[in-house]
Amino acid sequence: MSAPHSLVNSPADWWRHAVIYQVYPRSFADGNGDGIGDLPGIIHRLPDIAALGIDAIWLSPFYTSPQKDAGYDVANYCDVDPVFGTLADAEKLIDTAHDLGLRIIVDIVPNHSSDQHEWFQEALASEPGSPQRARYMFHEGKGDSGELPPNNWESVFGGPAWTRVIESEGTPGQWYLHLFDSSQPDFNWENPEVWEMFRGVLRFWLDRGVDGFRVDVAHGLIKEQGLPDNAYAKEAPLGNRGPFWDQDGVHEVYRDWHKVLEGYGPDRMMCAEAWVLPLEKMAWYVREDEMHQAFNFGYLATAWDATDLRNVINESLSAFGGVGGPSTWVLSNHDVVRHASRMGLEYQSEGQPTGIGPLSPNKPDAGLGLARARAASALMLALPGSAYLYQGEELGLPEVIDIPDEMRQDPTFFRTSGERYGRDGCRVPIPWESNAPAFGFNDTGKTWLPQPDTFSSLARSQQVGVAGSTLELYRSVIELRSKHALGTGSLEWLTGYPDSVVAFVNNGVAIIANAGDGDVALPEGDILVSSGELSDNLLGPDTTAWVKLPS
Ligand code: GLC
Ligand code: CA
């Protein structure tokens with residue numbers, strides 16, 4: 001499909017500096033009022049998002065799915081779940097985005113399918129050792145009668161990563177692997193049929209005009225030969241260590257996919273969701289013949305601390321630059337505690353901050369969190385490379401912590417018997433209008449997760465055109481970023497500031513982010529934007545300002 005009119009002048013490597021906005025379909029806008037967001041809802045609200053000045057949207061999965069993991073359990077990769085609409089709606093959404101000048105990236109989930117996928121149903125109905133079972137990871141158990149799982153692997157969502165099936169004769173038989181929920185069996189990427197199936201899925205969406213893919217669990221597809229026990233079982237579940245993460249063979253898959261994309265022209269891209277550290281190792285995913293971007297989770301997991309920030313920025317630019325790729329920058333997504341809350345915590349845990357736990361006495365300070373989040377976003381959007389935003393962060397939305405247990409949906413909550421809240425708190429339907437049912441998410445007031453009253457004052461309608469609002473801050477920095485070409489610029493550190501200040505110049509614009517306790521004098525020049533109020537050229541704590549230096 002040829003590039004649509006409004007994108008004709010967009011360069012082929014648009015992704016190198018793009019600002020990409022993540023739409024989480026369940027929670028963005030609900031067209032039919034059933035309480036779950038859908039594609040017609042997105043189409044309707046898309047102009048509001050385009051008005052932010054972003055370059056592209058990434059859509060989390062909307063494919064046919066029993067929704068056991070909010071759509072990351074896919075039963076049919078080439079169709080739309082009725083809860084979200086129809087294939088015709090998806091095509092209309094792609095065209096609408098293009099007409100608005102937005103590129104569109106869809107999610108692809110290659111590590112596992114839903115247990116309702118035709119292939120898995122066939123596998124269950126077939127004999128051990130059959131070609132149908134060979135598409136997934138079926139293995140005999142250990143112990144006298146195979147009653148123990150094949151190894152000690154644990155699910156990222158808690159509990160064992162293996163489930164035993166009942167064979168046709170009615171007796172317990174083989175076990176299948178699921179790195180996530182038991183309803184998400186892992187594919188066997190040693191099987192060429194799996195490769196061929198996914199090439200077909202890529203082509204299916206490329207044929208419909210999508211500009212790229214966000215690749216789910218990109219570091220998980222290949223498992224270590226012989227499936228040895230995990231020596232790192234006690235570590236954080238989404239770390240990069242263990243016999244199922246970041247195996248070298250995984251890169252072959254992306255080399256293969258790269259060729260599929262190339263067949264559609266030079267402007268199609270892929271972004272890896274790969275929780276791999278150090279960043280130097282993550283950068284392998286974006287080598288020239290593989291993917292184009294990887295989410296910079298090292299950056300996401302960095303606290304509001306100037307030294308840590310300088311270090312991770314240096315490390316990112318050198319790791320991704322080292323393979324000729326751009327760095328990405330990201331602070332929030334549908335899997336982590338929203339940064340407006342994360343940054344209001346007394347301490348910030350290392351690794352993937354997935355949900356503030358019921359056992360944790362640590363409640364975020366909302367005011368502090370929001371001030372820091374605004375400063376952190378203003379800093380992030382000044383960095384060279386590509387930035388990812390998550391729906392609602394432009395409104396300054398906090399994590400919703402007080403969701404009644406009986407309303408929680410994330411499998412993490414159930415698989416850990418309530419010990420981990422999981423990710424519902426960042427997935428609550430977003431507010432559009434302060435005085436409408438469901439804050440404008442739909443017109444019936446139904447929502448699949450409850451919205452807190454605090455969403456009223458944060459609704460988009462309260463912020464549009466209001467100087468100093470978080471929404472207007474995002475709009476201004478995105479506009480200035482583009483005007484001063486910061487995405488394609490380069491970073492030079494400024495000296496003479498305290499250690500607790502992040503200060504650099506990018507294309508003649510000085511960016512000063514104050515993570516310390518005292519005031520900091522701004523350099524001379526035109527103040528372009530500031531994440532908080534300034535007094536007399538003094539930048540207060542937890543504030544970022546952009547200053548155009550005299551040329
Ligand atoms: C990724 C997704 C997450 C999902 C998991 C399993 O980490 O971002 O939401 O639960 O993969 O597909
Ligand atoms: Ca709906």
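My notes start with the ligands and then move on to helices, single residues and backbone geometry.

**Before anything else.** I reminded myself that this is a predicted model.

**Ligand 1.** I first asked which residues come nearest to ligand 1. There are 14 residues around it, and Asp69, Asp216, Glu273, His334 and Asp335 come nearest. By class, I get four nonpolar, three polar and seven charged residues in the shell.

Next I looked up distances to the oxygen atoms of ligand 1. For Asp335, an N or O atom of the side chain is 2.4 Å from one of the ligand's oxygens. For Asp69, a polar side-chain atom sits 2.6 Å from a ligand oxygen. For His334, the corresponding distance from a polar side-chain atom to a ligand oxygen is 2.8 Å. How much of ligand 1 does the protein bury? Taken alone, the ligand exposes 310 Å², and the protein buries 98% of that.

**Calcium ion, ligand 2.** I wanted to know which residues coordinate the calcium ion. I noted Asp30 (OD), Asn32 (OD1), Asp34 (OD), Ile36 (O) and Asp38 (OD), at 2.3 Å. Along the sequence, the spacing of these donors reads D-x1-N-x1-D-x1-I-x1-D.

Asp34 has a relative accessible area of 31%, so I filed it as partly exposed. Ile36 is at 17%, so it goes down as buried, given that the cut-off for buried is under 20%.

**Helix α4.** This one covers residues 192-207, which makes 16 residues. From first C-alpha to last, α4 reaches 22 Å, close to the 22 Å expected at 1.5 Å a residue. I looked for its N-terminal cap and found Asn191, with a side-chain oxygen 2.9 Å from the backbone nitrogen of Glu193. The buried residues I wrote down for α4 include Trp195, Phe198, Phe204 and Trp205. Arg199 is also among the buried ones. Just after the helix, Gly209 takes a positive phi of about 95°.

**Helix α8.** I ran through the corresponding checks here. Residues 306-322 give 17 residues, and the helix reaches 24 Å between its end C-alphas, close to the 24 Å expected at 1.5 Å a residue. The N-terminal cap is Asp305, whose side-chain oxygen lies 3.2 Å from the backbone nitrogen of Thr307. Among the buried residues of α8 I have Leu309, Arg310, Val312, Ile313 and Phe320.

**His112.** I found this histidine in the loop between β5 (103-108) and α3 (118-125). Is His112 buried or exposed? Its relative accessibility is 1%, so I count it as buried. What does its side chain touch? It reaches the backbone oxygen of Tyr72 at 3.3 Å, and it makes a polar contact with the side chain of Asn111 at 3.0 Å.

**Phe297.** This residue lies in helix α7 (residues 297-300).

- I found a cis peptide bond joining Leu277 and Pro278, with omega about 0°. Pro278 is in the loop between β10 (269-272) and α6 (279-282).
- Ser417 is not a glycine, yet its phi is positive, about 45°. I located Ser417 in the loop between α11 (411-415) and α12 (455-458). Its relative accessible area is 71%, so it is exposed.
- Phe439 also turned up, with a positive phi near 50° in a residue other than glycine. I placed Phe439 in the loop between α11 and α12. Its relative accessible area is 13%, so it is buried.

Conventions
Residues are numbered from 1 along each chain as its sequence is written. Chains are lettered from A and ligands numbered from 1 in the order in which they are written. This is a predicted model: local features need pLDDT of at least 70, side-chain atom pairs count only at pLDDT 80 or more; totals for chains, interfaces and linings use all residues. Side-chain values use heavy atoms; hydrogens and water are left out. A residue is near a molecule or strand if one of its heavy atoms lies within 4 Å of it. A polar contact is a pair of N or O atoms within 3.5 Å; within protein, one must be able to donate a hydrogen and the other to accept it, and residues adjacent in sequence count only if both atoms are side-chain atoms. Accessible areas come from the Shrake-Rupley method with a 1.4 Å probe; for residues, only the protein chains shown count as cover. Ala, Val, Leu, Ile, Met, Phe, Trp, Tyr, Cys and Pro count as nonpolar, Asp, Glu, Lys and Arg as charged, and the others, Gly among them, as polar. Donors are N, O and S atoms within 2.8 Å of the metal (3.2 Å for Na, K and Ca); water is not among the atoms, so sites may look incomplete. Buried means under 20% relative accessible area, exposed over 50%, partly exposed in between (1.4 Å probe, protein chains only). Helices (H or I, at least four residues) and strands (E, at least two) are DSSP runs, numbered from the N terminus. The expected span of a helix is 1.5 Å times one less than its number of residues.
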